[in-house]
Amino acid sequence: MTGTWISTRAWLLMLPLLVVMTAVIGWPLVDTVRLSFTDAKLVGTEGGFVGTANYIKMLGGSNFQRALVTTTWFAVISVAAEMVLGVLAALLLNQQFRGRAALRALMILPWALPTVVNATLWRLIYNPEYGALNAALTQLGLLDSYRSWLGEPGTALAALIVADCWKNFPLVALIALAALQAVPRDITAASLVDGAGPFNRFRFVIMPYLAGPLLVALVLRTIEAFKVFDIIWVMTRGGPANSTRTLSILVYQEAFSFQRAGSGASLALIVTLLVTILAAAYAALLRKAAGAS
Amino acid sequence: MLKSTRNALIGATLIGAGFTGHAQAETTLNALFMAQAAYSEADVRAMTDAFAKANPDIKVNLEFVPYEGLHDKTVLAQGSGGGYDVVLFDVIWPAEYAANNVLLDVTDRVTDEMNKGVLPGAWTTVEYDGKRYGMPWILDTKYLFYNKEILEKAGIKQPPKTWEELAEQAKAIKDKGLLESPIAWSWSQAEAAICDYTTLVSAYGGKFLDGGKPAFTTGGGLDALNYMVTSYTSGLTNPNSKEFLEEDVRKVFQNGEAAFALNWTYMYNLANDPKESKVAGKVGVVPAPGAAGKSEVSAVNGSMGLGITATSKHPEEAWKYIVHMTSQETQNAYAKLSLPIWASSYEDPNVTKGQEELIAAAKRGLAAMYPRPTTPKYQELSTALQQAIQEALLGQSSAEDALKSAAENSGL
């Protein structure tokens with residue numbers, strides 16, 4: 001009896017949230033699914049039912065396949081770099097030294113900047129005529145003439161990944177730092193007494209505390225990186241020769257620039273599905289990790 | 001007779017009263033402009049302030065976005081039920097906007113005085129299918145700017161009249177060691193590249209579409225892209241051009257790092273401003289060259305217009321505002337940044353003073369303005385062409401193949 005009441009009360013308490021969620025997430029999602037089966041345009045015509053034509057066209061197109069590859073490269077490399085850099089930064093900032101507080105505050109700055117500001121800043125750094133990167137590399141003698149970093153397909157994606165890492169590794173560092181501070185001092189002290197070297201100490205003493213939070217950071221960053229849009233839009237708009245056109249840019253062009261809401265919706269849903277699969281895989285990994293510890 | 005006159009008078013009085021009543025209620029207009037080139041944000045605000053002073057009952061909220069965001073912002077606002085009353089639009093959008101009912105047809109609002117006074121070429125900016133969707137506001141085309149000092153040092157007497165001559169002069173400058181890469185263009189994967197391409201297409205007598213189908217894969221369209229590729233691979237063109245927008249071209253030119261640059265009107269006075277530019281006083285301007293045996297000069301129609309959105313709740317006030325912004329008085333006052341749309345302005349010494357060279361180039365260039373294709377699918381065609389240009393420049397495919405795939409991806 002009491003159990004039923006608690007359960008009912010739980011549902012009652014959650015009801016407002018459920019209503020809001022249905023309104024802001026559920027309904028648009030259902031509407032997007034409906035839209036994806038039509039040839040609707042963004043303005044003007046409502047559009048007729050076209051079945052799975054949009055999906056077949058999008059999935060079969062070379063644009064989609066190429067964007068999927070570009071997006072995967074972008075996500076895998078930038079997230080991997082962010083994780084490594086983030087953990088290293090956290091280990092460093094977890095040490096006792098003068099100016100640690102100032103350095104911590106400074107490190108969070110790139111993450112706190114709006115992406116558009118960050119992207120504009122990096123555009124200036126990469127500028128082929130007067131950019132700081134060209135100036136630094138030529139003065140160090142590593143480069144004999146200025147290069148067009150964002151204008152060459154070979155370097156544009158890498159340049160974007162660097163800019164994205166610079167912005168996002170502080171988030172990983174912050175999460176890792178919080179986890180590191182939860183490591184009990186007596187355990188690290190004990191491991192020192194037992195003669196564990198720095199690597200073993202990290203692997204067997206610290207890592208178990210870091211694994212969970214890092215997995216959360218990994219999930220967050222992968223999903224974000226897979227959906228990357230603004231930093232690329234500001235820096236290259238998908239160029240040169242579409243070498244940095246990711247899935248989100250493709251969705252944007254299809255739905256808004258070309259005004260094809262129907263096929264844009266189908267593409268957006270394909271991306272959503274891919275992200276959901278990724279998230280589910282990570283969630284399974286998280287559960288396994290939790291079970292193991 | 002008397003009765004009808006009386007009725008008309010009563011009617012007029014009533015309408016007048018209605019207007020007065022209406023005029024007392026404050027109306028707020030939302031207007032979308034672009035945050036670069038031609039008129040600056042400060043100038044648009046100053047023009048709008050003058051309007052607000054004359055019309056205290058109308059308030060105008062201004063919003064500025066970069067050119068790259070103008071189209072999508074307009075369409076998105078429309079898709080979500082409106083928001084703007086007045087929008088700035090590029091010459092390439094009326095077809096799409098008309099097909100999707102984004103802008104009001106204002107053909108009947110245009111007065112005889114406007115009809116006669118505005119340059120005939122300017123009207124093509126706002127027209128589609130025989131109807132007018134606003135007033136032309138920024139009249140613009142790309143000109144060839146050159147650095148007089150560098151040309152002099154290279155022993156060149158006259159700026160080039162044909163594109164081939166431009167390549168020869170650039171080569172002379174390069175060979176003399178005056179500049180590593182003398183020409184600057186805006187060939188970033190953006191609309192800017194299409195404007196440069198169109199200028200060349202017009203020189204070589206090419207066509208974008210024929211009977212609604214892509215026709216740029218052969219003839220002048222192909223010659224134009226081949227010229228770009230040769231200019232790029234021969235090292236005469238600044239290799240960074242493939243990530244430049246107009247502002248990058250301006251910076252390179254006014255730093256004295258380019259002998260030639262293709263750009264809009266606004267660069268003339270900025271590059272001649274000693275506070276901005278290292279080459280002030282040395283800036284020459286001529287119409288973009290022609291092609292031997294095909295054309296004397298070349299030009300792209302890069303004009304923009306002001307229109308009323310179909311969702312606007314205050315079309316009357318919006319039109320009043322547009323009339324103010326495009327009036328000869330307003331345009332003459334800001335002629336240093338963008339040349340007026342009014343034919344008689346070019347005889348006015350207040351407008352021409354200090355920019356005689358630009359006016360001379362404008363008279364020939366504006367008369368030759370070549371339109372980018374008017375099709376509701378323009379954005380798609382342009383995106384495909386931008387890709388083709390970049391692939392050809394980067395050597396990923398030949399100009400011919402690149403244009404063929406652009407035709408396939410154009411949606412036409």
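Me: How much accessible surface does chain A have, and what share of it belongs to carbon and sulfur atoms?

Reply: Accessible areas come from the Shrake-Rupley method with a 1.4 Å probe, and for residues only the protein chains shown count as cover. In this predicted model, chain A has about 15,600 Å² of accessible surface, and 72% of that belongs to carbon and sulfur atoms. Some ground rules: residues are numbered from 1 along each chain as its sequence is written, while chains are lettered from A and ligands numbered from 1 in the order in which they are written. Local features need pLDDT of at least 70, side-chain atom pairs count only at pLDDT 80 or more, totals for chains, interfaces and linings use all residues, and side-chain values use heavy atoms, with hydrogens and water left out.

Me: What percentage of the residues in chain A are buried?

Reply: Buried means under 20% relative accessible area, exposed over 50%, and partly exposed in between (1.4 Å probe, protein chains only). In chain A, 41% of the 293 residues are buried.

Me: Is Leu12(A) buried or exposed?

Reply: Leu12(A) is exposed, at a relative accessible area of 52%. Leu12(A) sits in helix 1 (residues 2–36) of chain A; helices (H or I, at least four residues) and strands (E, at least two) are DSSP runs, numbered from the N terminus. Chain A has 13 helices and zero strands.

Me: Now chain B. What is the strand order of the open sheet?

Reply: Two strands pair if DSSP finds at least two bridges between them. The open sheet of chain B has five strands in the order 2-1-3-14-6, with mixed pairing. Strand 2 (58–65) and strand 6 (135–138) of chain B are at the edges with a single partner strand each, so one side of each has no neighbour in the sheet.

Me: How many bridges join strand 1 of chain B to strand 2 of chain B?

Reply: Eight, in the parallel sense, with strand 1 covering residues 27–34 of chain B. One of the facing pairs is Thr28(B) with Lys59(B) of strand 2; another bridge pairs Thr27(B) with Ile58(B). Strand 1 of chain B also runs parallel to strand 3 of chain B, joined by two bridges, and Ala31(B) has Val86(B) as its bridge partner in strand 3.

Me: How many residues of strand 1 of chain B are buried?

Reply: Six of its eight residues are buried, leaving strand 1 of chain B mostly covered.
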